[in-house]
Amino acid sequence: MTAINNKLVFFIVLALILFGLTARANSYDLEKRVREFTLENGLKVLMLERHLAPTVSLYIRHRAGAVDEISGRTGTAHLLEHMMFKGTKTIGTRNFKEEKKILDEIRRVGNALDMERVKGDTADKEKLKRLSQQLKTLQKMGKKWVVGNEIGRLYTENGGINLNASTGRDLTTYHVSLPSNKIELWARIESDRMINPVFREFYSEREVVMEERKQTTESVPARKLMEQFLASAFTAHPYRRPVLGWASDMRFLNIDYTGEFFNAYYAPNNTVIAVVGDISPDAAIDIIKKYFGKIPGHKLPASHITEEPKQKGEKRTELLYDANPRIIIGYHKPTLPSFDDYVFDVIDSILSGGRTSRLFRTLVEEKGIAESVNTANGIPGARFPNLFAIFATPRYPHTNKEVEDAIYEELEKLKRELVSEREIEKTKNQLRADIIRDLNSNSGLASRLSYFEAVAGDFRYITRHIKVIEKITPEDIMRTAKKYFNQDNRTVAVLKRKSQ
Amino acid sequence: MKRIRFLITLIFLILFASVACAAEPSPLINPDDIRYQPLTFTPPKAERVVLENGMILYILEDHEIPIVNISAIIRTGSIYNPEEKEGLAEITGDVMRTGGTKNMTGDEIDDALEYFAGAIDVSIGMESGSATLSVLKENLDEGLDIFSAIIMNPVFDENKLKTAKNLKIEALRRVLDEPQKVAFREFRRLIYAGNPRGKLPSIDSVGKIARDDLVRVHGKFFYPGNLMMAVVGDITRDEAVSKIKRYWGAWNRKGETAKIPYPKAKQKGATNYIFKDVPQSTIIIGHLTPEKKNPDFYPFTVLDFILGSGGFRSRIIHEVRNNLGLAYSTGSFYSGRSGYGIFGAYAITKTSSTAKVLSLIMSIINDVRNKGVTESELSWAKKSINNRFIFAFDSTDQIAVQQMMIEYNKLPENFLTTYRTKIGNVTAEDLKRVAEKYLPPNRATILVVGKENLQLKIFD
């Protein structure tokens with residue numbers, strides 16, 4: 001065959017593949033492209049075919065996060081997420097029967113040590129020393145049976161990338177992208193860790209998350225201020241807690257409660273899976289049924305989450321820190337699928353979406369008083385009523401106060417003057433284009449589908465969202481601004497440089 | 001006889017049945033024993049087209065969604081910054097984007113672009129500049145009008161320049177707020193000391209930048225022969241060529257881009273400290289290493305994977321994080337570039353374990369120099385690198401830009417098609433050899449940012 005013929009064949013094949021995709025009235029009509037299954041045990045599976053390259057993105061989301069922890073045990077959901085990488089009864093061990101004996105001892109001694117440590121100054125020093133020594137010896141003995149980081153080894157060796165997990169206030173997520181012929185490996189590992197996780201190396205991992213807290217919260221002024229902001233904005237609701245946990249809780253997190261949390265919430269009927277990429281949905285669902293189908297479902301705990309009482313007056317908080325000033329302002333509001341939440345998505349875009357947004361143009365370009373200004377709708381989560389938040393950094397020598405006043409001026413403007421039709425239309429155009437752009441990545445799609453299925457109860461929220469947005473009028477925006485952007489509904493957190 | 005045989009069969013059956021009953025409901029397969037269908041995949045190739053004025057295009061059609069993306073790469077960079085004008089290249093990129101063109105002001109551009117949800121970015125980094133356009137197909141012409149004018153006829157409005165300088169200065173003031181930012185910035189200054197790559201903007205140098213400087217940078221580097229463009233998405237090949245010709249065909253400026261010397265490996269290492277009152281120390285240990293064209297690129301890629309970039313199982317992460325719980329972020333990185341490569345091992349650990357972690361990482365590196373790696377580690381690393389290679393072809397944008405970058409970096413055309421074989425051929429001896437050659441401890445550039453070892457200084 002000549003080179004030209006080769007190319008011709010290639011283009012015909014390409015055309016056929018592409019036609020297959022575009023032939024469906026709207027290739028970007030998400031709802032029609034997603035295949036949806038619910039296994040008998042309640043596990044929800046969403047699948048979407050994309051055939052550019054032989055790769056697949058896999059997301060697992062459990063509807064459990066930091067909000068579901070009991071008081072005094074903050075950080076458990078996150079530490080559990082770390083522990084899930086330690087293996088199972090059949091992955092990561094040389095002989096589980098032998099290892100188990102030592103693990104039981106480690107748990108017993110570890111608990112005894114924590115019970116003594118928690119006494120603080122009145123702790124029995126001798127006992128502490130003895131127990132620490134005992135724990136160290138046991139950990140050394142345990143190592144003999146451990147094959148460390150087997151899950152990581154298996155995934156990377158098979159070409160996995162972006163192997164990671166994240167814990168939020170609402171959800172806990174595990175994801176990886178693999179060559180598309182390796183779905184069975186993922187199903188084997190993930191279903192096993194939903195049934196038989198083994199919390200080996202628990203106490204050294206507890207040290208790791210404490211380092212994580214020092215690195216990502218204590219040493220980052222924006223994160224430290226955020227922590228204090230949320231703890232002020234929410235008086236009672238668990239959205240006030242940091243996901244990593246409070247330092248004094250983290251030091252005493254234990255295997256028993258971590259296990260209880262796992263048993264309560266990592267149920268198949270509390271889990272959503274999304275599979276996006278070069279797959280055959282029929283073959284994929286067979287594999288998923290084979291591995292995940294045997295996990296027994298169970299009744300979820302009737303958890304009681306403290307409601308946030310209505311705010312009655314402004315809250316202000318100050319963080320002294322060796323860094324340049326910054327400010328966060330937040331207003332309480334309802335979460336999805338309340339109509340007002342959609343309006344806030346539009347307000348978000350009007351205020352800070354791009355270089356033409358109101359806050360950027362005024363504060364950064366015209367007045368030149370801010371280095372950055374951003375807004376976000378739905379802080380810090382979406383399962384419960386949340387906040388609309390504004391984040392800004394003043395530009396030296398300008399102050400938090402100047403930036404704060406300028407922000408209020410813009411919010412007042414929203415209450416006073418109707419937004420122009422063109423400004424709303426711009427926002428709608430952008431939201432429409434975002435939907436199309438989001439279709440261009442397997443992992444992005446898998447993430448969004450599973451997120452909205454888990455949080456909103458239906459991935460179709462994504463496509464319905466734009467239909468609701470289309471209906472929003474300038475009057476809706478004014479009404480919403482008037483209803484929520486009020487001083488008595490406001491929390492303000494400022495970072496002020498600690499004088500040396 | 002018959003009877004006995006019957007009995008044996010019976011016993012067998014009973015035994016077998018009982019064994020079957022007692023066993024777990026289907027034992028789990030060992031994950032290493034799962035068999036997979038072979039993958040066959042021929043990635044699409046972008047077509048290379050050269051315009052009469054010398055501009056090189058890479059075109060790849062992708063009609064899945066109605067979007068067209070254009071990525072241009074320009075041979076320029078902060079390495080060309082004149083003495084005492086550090087920051088000029090970055091600011092030039094910023095103000096090309098924001099400062100308007102002959103036909104439109106910057107604000108008019110923003111209004112038009114954001115109304116039809118298009119996006120344009122221009123940025124100039126250390127060794128190259130990039131300009132990108134992303135638009136819905138229906139707005140392609142409007143997008144190209146603006147994009148081409150930004151590349152060819154930017155006017156660098158004084159007010160927008162002032163804003164860009166102010167923002168850059170504020171960002172520099174804020175570097176000190178975060179220990180990791182301080183660490184990676186200062187590491188760059190140290191590892192490239194004596195080379196333009198080690199010159200970083202300061203509040204002072206940004207202050208000195210004037211509009212004429214920007215005009216000069218644009219005049220010097222933005223000409224057809226110094227720029228390549230990847231056009232990807234919902235557009236046919238012919239349409240792409242004719243549109244690019246329509247906008248850039250009459251652009252006939254000539255120029256010549258000088259060569260900047262590459263950084264050289266240090267003859268003598270040093271340990272540097274920066275004081276910052278934070279609860280952890282950031283530790284970086286760096287070396288200059290093989291460039292991408294060097295045959296040692298392949299063994300060094302495998303070495304880096306085993307040392308600290310191969311996830312939890314790689315040695316540094318396994319030891320420092322997993323076994324000892326001394327860090328959340330730790331590992332290594334290696335980037336083979338044109339003319340040189342850069343390697344770093346790093347960890348962020350609580351103040352009291354600074355010395356321990358530093359010496360631990362040094363000993364992990366030395367261990368590979370002295371004893372090499374095991375066959376099973378080598379096989380794991382090679383399999384991992386080769387199996388994940390498919391993700392280099394995960395999107396059409398990536399495929400086209402990648403092909404363009406191979407030409408930009410003057411790599412052999414078969415770089416991608418031979419990559420896996422070359423990784424596959426790496427031996428344990430190669431790894432020991434490159435570790436000895438490129439990672440001698442007495443030539444390491446070491447930086448510690450934190451409370452430990454209170455030898456203040458450095459940041460200006």
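A residue counts as buried if 20 or more other C-beta atoms lie within 10 Å of its own, as exposed if 12 or fewer do, and as partly exposed in between, with C-beta atoms placed from the backbone. Phe96(A) belongs to helix α4 of chain A, residues 96-117. Phe96(A) and Val146(A) are 50 residues apart in sequence, with 8.9 Å between their C-alpha atoms.

All of this comes from a predicted model, where local features need pLDDT of at least 70 and side-chain atom pairs count only at pLDDT 80 or more, while totals for chains, interfaces and linings use all residues. Residues are numbered from 1 along each chain as its sequence is written, and chains are lettered from A and ligands numbered from 1 in the order in which they are written.

On confidence, the predictor gives the complex an ipTM of 0.91 and a pTM of 0.92. Chain B averages a pLDDT (the predictor's confidence in each residue, from 0 to 100) of 92, and 93% of its residues score at least 70. Two stretches of chain B fall under 50: residues 1-24, with 0 contacts beyond four places in sequence, and residues 454-460, with 10 such contacts. A contact here means two residues whose C-beta atoms, placed from the backbone, lie within 7 Å. Where pLDDT is low, the predicted coordinates should not be read in detail.

Chain A has 19 helices and 11 strands, taken as DSSP runs (H or I over at least four residues for helices, E over at least two for strands) and numbered from the N terminus. Its C-alpha atoms fill a box of roughly 80 × 70 × 45 Å along the principal axes. Of the 500 residues of chain A, 49% are buried. Among contacts in chain A between residues at least 6 apart in sequence, 81% join residues at least 24 apart.

Chain A splits into domain 1 (58-93 + 146-292) and domain 2 (315-497), with bounds from an automatic or database domain assignment. Their centres, over C-alpha atoms, are 29 Å apart. Across the boundary, 29 residues of domain 1 of chain A meet 29 residues of domain 2 of chain A. On the domain 1 side, α9(A) gives the most, with 10 residues. That side divides into 17 nonpolar, 7 polar and 5 charged residues, where Ala, Val, Leu, Ile, Met, Phe, Trp, Tyr, Cys and Pro count as nonpolar, Asp, Glu, Lys and Arg as charged, and the others, Gly among them, as polar.

Chain B likewise has a domain 1 (47-248) and a domain 2 (270-450), their centres 30 Å apart over C-alpha atoms. Here the contact takes 18 residues from domain 1 of chain B and 23 from domain 2 of chain B. On the domain 1 side, α6(B) gives the most, 8 residues, and the side divides into 13 nonpolar, 3 polar and 2 charged residues.

Between the chains, the contact takes 65 residues from chain A and 63 from chain B. The largest share of the chain A side, 9 residues, comes from α8(A). That side of chain A holds 23 nonpolar, 22 polar and 20 charged residues.
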